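Q: Please go through this model with me and, for each label you use, set the value against the definition behind it.

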Amino acid sequence: MEWSKILVFCIFQQVIAAMETQLSNGPTCNNTAHGSATINNCSSPVDSGNTEDSKTNLIVNYLPQNMTQEELKSLFGSIGEIESCKLVRDKITGQSLGYGFVNYVDPKDAEKAINTLNGLRLQTKTIKEFVISSSYARPSSASIRDANLYVSGLPKTMTQKELEQLFSQYGRIITSRILVDQVTGVSRGVGFIRFDKRIEAEEAIKGLNGQKPPGATEPITVKFANNPSQKTNQAILSQLYHSPNRRYPAPLAQQAQRFRLDNLLNIAYGVKSRFPPMTIDGMTSLAGINIPGHAGTGWCIFVYNLAPDADESILWQMFGPFGAVTNVKVIRDFNTNKCKGFGFVTMTNYDEAAMAIASLNGYRLGDRVLQVSFKTNKTHKA
DNA sequence: TCGAATT
């Protein structure tokens with residue numbers, strides 16, 4: 001068992017090496033990958049009828065975008081002889097949909113593949129992580145389609161097991177997952193549940209959407225999940241059609257430059273600015289712990305009345321000249337990808353944030369008048 | 001009109 005994992009890992013690295021070589025020879029994709037093995041912790045296979053295929057045919061999920069059918073075959077062919085192998089691609093774009101089927105000749109090899117390859121971690125250099133999941137493929141049928149749920153607002157402490165316990169009352173769970181922060185490993189409060197049947201998924205939405213899990217303080221959202229690769233395609237398309245270059249708003253540049261000039265004059269000649277510098281320490285001692293917009297990592301600014309097509313770059317351009325900006329975020333509707341009219345900017349220094357707010361609140365961007373202020377904590381009052 | 005998140 002452990003032997004075969006090591007063996008598989010070595011073969012896998014060769015596959016990845018081959019992928020990288022291939023990528024360096026062609027301009028089609030800039031996504032390269034390297035792998036590391038992890039312990040299989042996924043749920044047991046589901047029995048799927050009496051057909052011959054049921055014990056040899058595997059579905060493989062969460063493949064890297066750039067993995068080809070040949071590479072899939074190489075990876076799984078390291079276990080044993082493959083009868084057939086299919087990487088599922090988008091009919092129109094030809095993009096990998098991130099899953100495929102591997103049918104072994106020998107059921108023993110299928111079982112071995114599940115034990116050794118399921119849970120294998122693939123990490124691309126673009127931070128995105130893939131964990132291969134392989135299990136017996138169920139017979140194709142309409143009733144098992146669209147049975148995958150996206151769950152958000154989960155308590156950060158909730159485990160995968162607890163998530164399954166919560167949903168298991170509505171049917172048989174095929175796969176489940178909780179997404180975690182790549183760096184800290186803590187739950188992002190988002191996960192997936194795939195049911196055996198669409199009906200079960202529908203019932204789970206009815207029963208759990210907007211409900212608080214036992215012991216939780218906030219309700220969860222349960223809805224049908226989107227296709228994994230759908231977002232990538234959207235992002236690629238929107239990048240193609242979107243010009244990354246935005247003109248800098250001239251009046252802002254002048255304001256920001258004047259602000260910098262004020263500071264320089266102040267530092268160099270002791271000239272008094274209209275906006276005397278203020279430190280965070282000075283503020284905290286005066287205002288106590290409840291400081292608007294102060295999140296510990298900086299000062300969070302709420303920007304309202306952004307246009308539907310506003311993007312992050314406009315926030316960087318508007319706020320950057322006023323000082324250190326550590327983060328910007330445009331809040332979008334997931335499906336339309338259009339800005340919901342507001343966003344957030346985090347700035348390191350109070351005085352720069354205050355200056356940005358003073359300058360940008362009421363600023364006319366296009367045909368809209370922006371409202372800019374420190375972010376308030378509108379959610380649950382203490 | 002004061003945070004989304006999609007393996």
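Q: Which residues of α10 are buried?
A: In α10, the buried residues are Tyr 350, Glu 352, Ala 353, Met 355, Ala 356, Ile 357, Ser 359 and Leu 360, where buried means under 20% relative accessible area, exposed over 50% and partly exposed in between, with a 1.4 Å probe and protein chains only. The model is predicted, so local features need pLDDT of at least 70 and side-chain atom pairs count only at pLDDT 80 or more, while totals for chains, interfaces and linings use all residues. Residues are numbered from 1 along each chain as its sequence is written, chains are lettered from A and ligands numbered from 1 in the order in which they are written, and side-chain values use heavy atoms, with hydrogens and water left out.

Q: Why is helix α10 called largely enclosed by the rest of the structure?
A: Helix α10 covers residues 350–360, and eight of its 11 residues are buried, so the helix is largely enclosed by the rest of the structure. Helices (H or I, at least four residues) and strands (E, at least two) are DSSP runs, numbered from the N terminus. After α10 comes Gly 362, with a positive phi near 85°.

Q: What makes Tyr 150 and Phe 192 an edge-to-face pair?
A: Rings of Phe, Tyr and Trp (its six-membered ring) pair if their centres lie within 6.5 Å, and planes under 30 degrees apart count as stacked, over 60 as edge-to-face and the rest as tilted. The structure holds 10 aromatic pairs. In the pair of Tyr 150 and Phe 192, the ring centres are 5.5 Å apart and the planes stand at 65°, so the pair is edge-to-face.

Q: Why is this pair said to tie together parts that are apart in sequence?
A: Tyr 150 belongs to strand β8 (residues 148–152) and Phe 192 to strand β10 (residues 187–195), so the pair ties together parts that are 42 residues apart in sequence. Tyr 150 has 27% relative accessibility and therefore counts as partly exposed, and Phe 192, with a relative accessible area of 21%, is partly exposed.

Q: How do you know whether Phe 342 and Phe 344 are stacked or edge-to-face?
A: Their centres are 6.0 Å apart and the angle between the planes is 90°, which makes the aromatic pair edge-to-face. Phe 342 is partly exposed at a relative accessible area of 25%, whereas Phe 344, at 19% relative accessibility, counts as buried. Ring pairs also link Phe 302, Tyr 304, Phe 342 and Phe 344 into a cluster.

Q: What makes the phi values of Asp 146 and Asn 305 worth a remark?
A: Asp 146 has a positive phi of about 55° although it is not a glycine, and Asp 146 sits in the loop between β7 (133–136) and β8. Asn 305, likewise a residue other than glycine, has a positive phi near 80°, and Asn 305 is in the loop between β12 (299–304) and α9 (312–319).

Q: What pLDDT does chain A have, and where is it below 50?
A: With pLDDT being the predictor's confidence in each residue, from 0 to 100, chain A averages 73, and 64% of the residues score at least 70. The pLDDT is below 50 over residues 1–50, a stretch with 76 contacts in the model beyond near neighbours in sequence, where contact means heavy atoms within 4.5 Å. Over residues 232–250 the pLDDT is also below 50, and this stretch has 18 contacts beyond near neighbours in sequence.
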